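This report describes a protein chain by its strands, sheets, helix packing and selected residues. The sequence and structure come before the account.

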Amino acid sequence: MMLKNAIVLAVVVTILLSIVILSAQYGDDIQLLFNSWLEGKPKALVKLHIHIPSGYGNCSVIVHRFPTKYNPTADGYTTLIHRGKSPSGRTVTVKDVINMYQVGTVESEEGKRYLYDSPEYYVGVICVNKNDVYSFSKIVQTIITKPITDVDIHAELKKRSRAGDRQSGSNFAMLASSEPVSCSITIDETSGEPIYGQDYWAKGYCVASTKLAYLNSIPGLKTAFGITGLDSAMYLEGWAAACYTTDIEHCPTSFWDSAGKKLVIIVTTEKTDYISNGERAVV
């Protein structure tokens with residue numbers, strides 16, 4: 001009997017010690033998550049640790065979250081999570097509380113684990129050091145398998161041209177891929193008239209064609225490209241520009257870079273035209 005009591009006491013002490021360690025590490029975040037579980041609406045915490053190298057002057061950091069099925073945004077665009085300033089050489093930690101909704105399972109070093117809705121984030125960093133401008137853009141994927149997820153992002157800053165170096169009046173982004181593509185930037189909303197010394201922003205989109213698949217056909221068989229099921233998805237290369245400019249509608253083309261892969265949700269089940277008899281096509 002005594003042994004049993006000792007085991008129970010040891011388990012209780014271990015649990016209390018774990019709670020104390022977690023509370024010391026995450027503070028009020030634990031209480032917030034705990035309360036959400038008690039209310040039957042479990043939340044998860046994503047912590048993005050953005051490491052900015054030293055020697056780049058003062059920096060602006062912006063973080064947006066892309067919408068998902070279980071963590072939607074008000075208008076279908078990205079939602080602003082953080083916008084602030086920091087000297088270079090610091091680590092900026094951005095917290096985002098999301099809905100914790102199970103969507104499947106995933107293999108890990110610890111074995112099979114539950115997978116929860118895992119949003120993507122856009123991280124942009126712009127640094128100004130005397131007369132030089134540096135920027136970094138990245139689309140960050142997350143894999144949510146537990147209530148608190150830490151993600152490290154190392155800002156690999158690149159030197160850019162100033163806004164005055166762009167071609168005047170250009171409203172096109174040149175995507176510097178192996179096959180350069182330009183797309184017209186449509187601005188939907190801005191924060192208002194720019195005020196000297198203050199941040200301002202614009203929200204919009206840029207549409208460009210991209211190659212999805214190569215089709216080959218053989219005699220006696222016709223083929224087409226299509227995706228069945230609106231829950232299907234694929235990864236495409238994403239492009240972004242974090243720019244320093246006095247003209248909000250015209251980000252210099254030299255600032256546009258690949259920001260990594262971007263998950264794209266399929267919204268159509270239409271098929272391409274059929275080809276046959278050895279014909280080939282690019283979708």
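Ser-86 is a residue of strand β3. The model under discussion is predicted. With a relative accessibility of 11%, Ser-86 counts as buried, because buried means under 20% relative accessible area. Leaving out residues up to four places away in sequence, Ser-86 touches Asn-58, Cys-59 and Val-92.

## Overall composition

The protein contains two helices and 17 strands. Of its 283 residues, 29% are buried. The accessible surface amounts to about 17900 Å², and carbon and sulfur atoms account for 54% of that surface. When contacts between residues at least 6 apart in sequence are considered, 66% of them join residues at least 24 apart.

Strand β3, which holds Ser-86, belongs to an open sheet of five strands in the order β3-β2-β7-β8-β10, with antiparallel pairing. The edge positions are taken by β3 (79–87) and β10 (158–160); each has a single partner strand, so one side of each lacks a neighbour in the sheet. On average, neighbouring strands of this sheet are turned by 20 degrees against each other, direction ignored.

Inside this order, β2 and β7 are joined by eight bridges in the antiparallel sense. Cys-59, one of the residues touched by Ser-86, has Cys-127 in β7 as its bridge partner.

## The three-stranded sheet

Another open sheet has three strands in the order β4-β1-β9, and its pairing is mixed. Here β4 and β9 are the edge strands, each with a single partner strand, so one side of each is without a neighbour in the sheet. The twist from one strand to the next averages 20 degrees.

β1 and β9 run parallel and are joined by seven bridges. In that region His-51 stands opposite His-154 of β9.

A separate pair is made by β5 (residues 102–108) and β6 (residues 111–116), which are antiparallel over six bridges. These two strands form a hairpin with two residues between them. Gln-102 has Tyr-116 in β6 as its bridge partner.

| Strand pair | Sense | Bridges | Facing residues |
|---|---|---|---|
| β2 and β7 | antiparallel | eight | Cys-59 and Cys-127 |
| β1 and β9 | parallel | seven | His-51 and His-154 |
| β5 and β6 | antiparallel | six | Gln-102 and Tyr-116 |

## Helix α2

Helix α2 lies across β1, β4 and β9, and runs at about 155 degrees to β1. Which residues of α2 (residues 28–38) are buried? They are Asp-29, Leu-33 and Ser-36. These residues lie on the same side of α2, because they cover an arc of only 60 degrees around the axis. In general, an α-helix has 3.6 residues a turn, so residues three or four places apart point the same way. On the other side of α2, Asp-28 and Leu-38 are exposed.

## The largest nonpolar core

The largest nonpolar core consists of 25 residues, and those with the most contacts inside it are Leu-48, Ile-50, Ile-52, Val-63 and Val-125. At least two residues of this core come from each of β1 (43–51), β2 (58–65), β4 (91–99), β7 (121–129), β8 (132–140) and β9 (148–154).

What is Leu-48 in contact with, leaving aside its neighbours within four places in sequence? The list is Val-63, Val-92, Thr-93, Val-94, Tyr-121, Val-151 and Ile-153.

## Tyr-274

Tyr-274 is placed in the loop between β16 (257–265) and β17 (280–282). Its relative accessible area is 48%, and Tyr-274 is therefore partly exposed; a residue counts as exposed over 50%. Apart from neighbours within four places in sequence, Tyr-274 is in contact with Lys-222, Thr-223 and Ala-224. Tyr-274 and Lys-222 are 52 residues apart in sequence, while their C-alpha to C-alpha separation in space is 6.0 Å.

Key: Residues numbered from 1 in each chain as written. Predicted model: local features only at pLDDT ≥ 70, side-chain atom pairs only at ≥ 80, totals over all residues. Heavy atoms only, no water. Helix = DSSP H or I, 4+ residues; strand = E, 2+ residues; numbered from the N terminus. Buried < 20%, exposed > 50% of the residue type's maximum accessible area, 1.4 Å probe, protein only. Contact = heavy atoms within 4.5 Å. Areas by Shrake-Rupley, 256 points an atom, 1.4 Å probe, with all protein chains shown as cover. Arc of directions from axis to C-beta. Core = buried A, V, L, I, M, F, W, Y, C linked by side-chain atoms within 4.5 Å. Pairing = 2+ DSSP bridges. Axes fitted to C-alpha atoms, helices over the stretch in contact; angles between N-to-C directions.
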